[in-house]
Amino acid sequence: MVKGASLDATFGALSDPTRRAIVEKLTKGDASVGELAEPFDVSLPAISKHLTVLERAGLVERTKEGRTRRCRLVDEPMRDALEWIASYGQFWEGQLDSLERFLTEAKRGRNL
Amino acid sequence: MNAPERPWEESVDAGSATAAAVHVTRELPARRDDVFRAWTQPDLFARWFTPPGNSSVSAELDVRPGGSYRITLQRTELVTGTSYIVGEYLEVAPPERLVFTFGWEEPPPLAGIEALEALDSRVTVQFRDRGPSTEISITHERLDTEELRGFHRWGWETTLEQLAEVA
């Protein structure tokens with residue numbers, strides 16, 4: 001998958017308040033589907049649907065432990081999203097390097 | 001040139017509800033009028049606005065509120081070809097402030113950058129008079145998607161801090 005598409009998936013998956021709350025809860029540690037559903041006024045299947053969206057975006061992994069399924073946060077997509085935002089910092093730092101060189105040379109040649 | 005090695009790491013601001021943004025600041029060795037002209041006069045602008053991996057640049061800049069701009073870049077690295085940075089001036093206040101939208105057409109084939117094609121990220125350039133020099137600060141915001149923009153009071157930063165503790 002190209003990174004742009006996976007970033008869209010990350011941002012898309014995080015566009016829902018219930019899913020954001022699930023992600024926030026998982027930052028505190030792994031949890032079962034039942035534990036994740038607890039604070040919400042929604043059914044287990046509804047939570048499961050949200051988990052599927054998060055899973056498809058690569059944000060959450062579900063594993064089976066005996067009879068219960070545990071959910072775990074995968075932090076890589078969010079790191080990618082932040083890295084992508086940060087890459088624009090690099091872009092502008094580079095442009096300012098270039099502008100600084102230009103202004104220094106222009107001053108020397110008095111041609112600005 | 002004395003900027004810290006990776007200053008953007010501290011200046012990523014994904015915490016606000018409306019915008020994921022980056023900020024950069026620099027003191028430049030020229031008077032404010034000259035620095036402002038380097039941003040607004042097309043022939044001067046094309047002489048320095050060269051992102052790495054591009055051989056030549058030309059610029060059409062209609063610098064007035066509502067005016068549009070188009071920067072043409074010739075790529076020399078990875079896949080050669082032409083890319084365009086395009087947008088519209090939202091605010092023009094010589095010699096203090098420029099605000100414009102920022103987007104790509106035919107973006108360079110770099111990971112992630114295509115995601116910017118579809119959105120109207122926004123750049124604010126502030127020029128501060130420091131006598132013989134000028135302090136310039138650039139904020140590039142709305143570096144996110146429509147969906148993310150709908151966020152209200154969601155603590156990206158808090159969550160990421162927690163993530164850092166987990167990882």
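Predicted model: local features only at pLDDT ≥ 70, side-chain atom pairs only at ≥ 80, totals over all residues.
I started with chain A, which comes to five helices and three strands. Residues are numbered from 1 along each chain as its sequence is written, and chains are lettered from A and ligands numbered from 1 in the order in which they are written.

**Chain A**

I read off the order from the N terminus: α-α-β-α-α-β-β-α. Next I looked up burial, and 31% of the 112 residues in chain A count as buried. (Buried means 20 or more other C-beta atoms within 10 Å of the residue's own, exposed means 12 or fewer, and partly exposed is in between; the C-beta atoms are placed from the backbone.) Then contacts: of those in chain A with a separation of 6 or more, 52% are between residues 24 or more positions apart. (Two residues are in contact if their C-beta atoms, placed from the backbone, lie within 7 Å.)

**Chain B**

I found six helices and seven strands here. The run from the N terminus is α-β-α-α-β-β-β-β-α-β-β-α-α. Of its 167 residues, 28% are buried. Among chain B contacts at least 6 apart in sequence, 37% join residues at least 24 apart.

**One residue on α5(A)**

I picked Gln95(A), which sits in helix α5 (residues 76–109) of chain A. Why does Gln95(A) count as partly exposed? Because it has 18 C-beta neighbours inside 10 Å. Beyond its neighbours within four places in sequence, Gln95(A) is in contact with Phe49(B) and Pro51(B).

**The cores**

I then checked the largest nonpolar core, which has 30 residues. (A nonpolar core is a set of buried Ala, Val, Leu, Ile, Met, Phe, Trp, Tyr and Cys residues joined through C-beta atoms within 7 Å.) Among the members touching the most others are Trp92(A), Leu99(A), Val22(B) and Leu28(B). Which element gives this core its largest share? That is α5(A), with seven residues. Elements of chain B that each supply at least two residues include β1 (22–28), α2 (32–40) and β7 (133–141).

I followed up Leu28(B): leaving aside neighbours within four places, its contacts include Leu99(A), Glu100(A) and Leu103(A), along with Val35(B) and Ile136(B). Apart from this core lies another, of 16 residues, among them Ala13(A), Ala57(A), Val60(A) and Leu73(A).

How values were computed:
Helix = DSSP H or I, 4+ residues; strand = E, 2+ residues; numbered from the N terminus.
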